[in-house]
Amino acid sequence: MPKPRILLMMSGGVDSSVSAALLQEQGYEVVGLTLEQYKPDPTLKEHCTDIEDARHVAQRLGFEHHVLNTEEKFYQSVILHFVESYKNGLTPNPCTHCNRNLKFQEAYEFAQKFNCAFFATGHYARLLQDEQGRWGLYRAIYKERDQSYFLYGVRRELVPLIRFPLGDKNKEQVREVARRLGMKKISEKEGSQDICFTKGTTYNEFLSRFIPSQEGPILSCRGEQLGTHSGITNYTIGQRKGLGLAGGPFYVCEIDPRRNAVIIGSKEDLARCRVTAIHPRWMTAPAVGDRVMAQIRSRHVPAPAVLVEMTEDQFTIEFAQAQYGVAPGQALVISIEEQILGGGEIHSSQ
């Protein structure tokens, strides 16, 4: 009986490399695919090295590997969205946006192209079936590596076709598998915490290629001008450092692109209990009145909340205790226990 073919999205890092080996051990015929999605800084060698490392792993483990250029689609769908969001005073999360609108749809389409029944990535998350056979997205076993927040927007129709081989592993276990397989160089590669297309630059340096910095007022919550900022793209909700103001402590509470203003206040001014998100996408839809856990950014510890309003276009949750640093543009992700139900893009809070 032939092995089921599975397409693995490969970045050249240790996570996707070890995923290839684990999928083979699970009985899949792996097909590797690396996407060239953006023009890297020409002074950096890491991008080309990543492609070569992915190719080397494929050769070592004995499976086919392809490299495809999807730069224009990535630019139009992800990079321009990132830039436009900052222009509008938002704090976008390009990884959640990419996974929701591009990466997993591309993976599905390329899996079909290469006659693969399934596709996989090296994300730390789990997909499990309930007693009725319905698939759901769950947090990884090891919470310090969990990446389920970034995956809330994957279309639920795709979920039965996806595999996440690393959902029950921690980083050291993954590195140990790489060493066991003789992939010493791969096992020692450091994972990047940067957004892929800003490698080698800061956010501000990257954004300056698209958005000219324009000075404007730093205002108190009461409208008093306390200073001057260097450009609204240099600030985000909850930011405390780099404001250049005496006294305080002060925090960025709002970014107003219409007035080109940064609004600051005390920590108490940051407190929010009620958060509304737009463009919801649900893997398992909750109901108004459900007690849930809500996460307002990737490093935020999910906090107890109640779903108080819900329509086709938006939903609102109310936290049991005030949360700080709720930023429009970030993802609001809803879960019950370990299961991710879905989420949306934060629009407003109070």
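Analyst: Gladly! Let's begin with contact, which means heavy atoms within 4.5 Å. Keep in mind that this is a predicted model.

User: Which residues does Leu 137 touch, not counting residues up to four places away in sequence?

Analyst: With those sequence neighbours left out, Leu 137 touches Ala 125, Arg 126, Leu 127, Ser 148, Leu 151, Tyr 152, Phe 164, Met 283, Glu 338, Gln 339 and Ile 340.

User: How should I read a nonpolar core, and which residues of the largest one touch the most other members?

Analyst: In soluble globular proteins, nonpolar side chains tend to be buried together. Here the largest nonpolar core has 28 residues, and those touching the most other members are Leu 7, Phe 104, Phe 119, Leu 137, Ile 162 and Phe 164. At least two residues each come from strand 1 (5-9), strand 2 (29-36), helix 4 (94-113), strand 5 (125-129) and strand 16 (331-336). Helix 4 gives the largest share, four residues. There is also a second, separate core of 26 residues, with Tyr 28, Val 30, Ala 54 and Tyr 124 among them.

User: And cavities? How many of 30 Å³ or more does a search of the whole structure find?

Analyst: A cavity is a space where a 1.4 Å probe fits but cannot get out. The search finds one of 30 Å³ or more, and the largest cavity has a volume of about 30 Å³. Its lining consists of Leu 127, Leu 137, Leu 151, Val 154, Val 159, Ile 162, Phe 164 and Met 283. By class, that makes eight nonpolar, no polar and no charged residues. You have met Leu 137 already, as a residue that touches Leu 127, Leu 151, Phe 164 and Met 283, among others.

User: Is strand 10 mostly covered or mostly open?

Analyst: Mostly covered: five of the six residues in strand 10 are buried. Strand 10 runs antiparallel to strand 11 (residues 261-265), and five bridges join the two. Across this pairing, Ile 255 stands opposite Val 262. The hairpin has four residues between its strands, and Asn 260 takes a positive phi near 55 degrees.

Definitions and conventions
Residues are numbered from 1 along each chain as its sequence is written. This is a predicted model: local features need pLDDT of at least 70, side-chain atom pairs count only at pLDDT 80 or more; totals for chains, interfaces and linings use all residues. Side-chain values use heavy atoms; hydrogens and water are left out. On a 1 Å grid over the protein atoms alone, a cavity is a set of points where a 1.4 Å probe fits but cannot get out, and a pocket is an open set with protein on both sides within 12 Å along at least five of seven lines; lining residues have an atom within 4 Å of a point. Grid points are joined across faces, edges and corners, and a volume is the space filled by probe spheres set on the points. Ala, Val, Leu, Ile, Met, Phe, Trp, Tyr, Cys and Pro count as nonpolar, Asp, Glu, Lys and Arg as charged, and the others, Gly among them, as polar. Buried means under 20% relative accessible area, exposed over 50%, partly exposed in between (1.4 Å probe, protein chains only). Two strands pair if DSSP finds at least two bridges between them. A nonpolar core is a set of buried Ala, Val, Leu, Ile, Met, Phe, Trp, Tyr and Cys residues joined through side-chain atoms within 4.5 Å.
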